[in-house]
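Subject: Structure handover

Hello,

Here is the structure for your files. My notes on it follow below.

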Amino acid sequence: MSFNGSTSNLTQVQLLVDRDAPVKTFLCVSSCVIFLYVNGVMIFTLRRKTVFQEKSRYILFGHMLWLDTLDLFMSVVLFVCAVSRIFILKNICIILLAAAQSLYQVALLNLALMSLERYVAICIPLRHTEITSYRRTNMAIGVVWTMGLIQCLSEIIIFYSIDSTNTVMNLFCSRTTLFRLQIYKKLEIAFTCIFFVLVSFVIIFTYASISAVAKTAFCDKASAKKANKTVLLHLIQLGLCAASILVGVIQEAIYVYTDYMTSLHVMYFCFVVFIIFPKCLSPLIYGLRDQAFSSLFKYYFTFGLRKQNSCDTEIGVGKIDTN
């Protein structure tokens, strides 16, 4: 009787999974497609004005948009493969996972660059143009990418040189199924700790420095206040990144101590809230907070149906908000 009962329950769970999966997939993919369109319009807007391509603030913002767009696309692809139970070739899987990990780490380090740019703009305004020149900004982005690629290159080298645990050609694509050796976990923990400590220090330092400068009589109070809010947003985004790291731990605990359906619901919730939601929300917040950028963005987002008034046109052409 117990065996028949468990079989019946398993069948019910399978039916529930098959019934819920298309709805969850549709909601997740459709929302991601909308935000991919939003990010695409933002990137297009940045390409329309020369000033957006020369100022360090907009260069870093554009870099963040590309990172979030690619990361969001990668996350959706892996999610659809997981829900559809699609098995992926081993070599393709390692490329997808390595790219996703690199994008995540570079996006994390890009937060530090954006905070440092605000620090220079408020605390060292006379040298802001010199320090955050076009050439130096791109050099900083290059350094960030070099740091972000170290872990994935190390994992690829280990995978093809000493890892003998992966003999199958097709597999369910995840870090758990592909990277089974303990050295992968140690690498991930080491790099995650280093990057989070580094970025946390930079953001906290810049926030404290801007707050201190804002109390002096020689500072533009409005600019300092807005810069502090921007850095605070970076800190909140860092917290969301930290929460996304805990998703794996939460999923393992839920899987052990709850039933199968509950674990599926929790995993879907964690995926949407801690992985998809921050990537969708942060570009929108940063873009709409900037008066010069948001004016042109709204114009292109509505395919030119939203006519720019004279003030918007003046801002869009040359008057750039530097706060």
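Predicted model: local features only at pLDDT ≥ 70, side-chain atom pairs only at ≥ 80, totals over all residues.

Residues are numbered from 1 along each chain as its sequence is written, and side-chain values use heavy atoms, leaving out hydrogens and water.

Overall

The protein has 13 helices and two strands; these are DSSP runs numbered from the N terminus (helices H or I, at least four residues; strands E, at least two). Of its 323 residues, 43% count as buried. Taking contacts (heavy atoms within 4.5 Å) between residues at least 6 apart in sequence, 79% join residues at least 24 apart. The accessible surface is about 17500 Å², and 70% of that belongs to carbon and sulfur atoms (Shrake-Rupley method, 1.4 Å probe; for residues, only the protein chains shown count as cover).

Aromatic residues

The structure holds 14 aromatic pairs. Rings of Phe, Tyr and Trp (its six-membered ring) pair if their centres lie within 6.5 Å; planes under 30 degrees apart count as stacked, over 60 as edge-to-face and the rest as tilted.

Phe 52 and Phe 293 make an edge-to-face pair, with 5.9 Å centre to centre and 65 degrees between the planes. Phe 52 lies in helix H2 (residues 50–54) and Phe 293 in helix H12 (residues 291–301), so this pair ties together parts that are 241 residues apart in sequence. Phe 52 is buried, as is Phe 293.

Phe 293 also pairs with Phe 297, this time stacked, at 6.2 Å centre to centre and 10 degrees between the planes. Both lie in H12, four residues apart, about one turn of the helix. Phe 297 is buried, with a relative accessible area of 4%. One aromatic cluster is formed by Tyr 37, Phe 52, Tyr 58, Phe 61, Phe 293, Phe 297 and Phe 301.

Surface

Ile 204, Tyr 207, Leu 232, Leu 235 and Ile 236 make a nonpolar surface patch of about 420 Å². Helix H8 (182–214) and helix H9 (221–245) are the elements that give two or more residues to the patch. H9 gives the most, with three residues, and Ile 204 lies in H8. Patches are made of residues with over 30% relative accessible area and no salt bridge; like charges are joined within 9 Å, and nonpolar side chains (Val, Leu, Ile, Met, Phe, Trp, Tyr) within 5 Å. A salt bridge is a side-chain nitrogen of Lys or Arg within 4 Å of a carboxyl oxygen of Asp or Glu.

Regards

Terms used:
Buried < 20%, exposed > 50% of the residue type's maximum accessible area, 1.4 Å probe, protein only.
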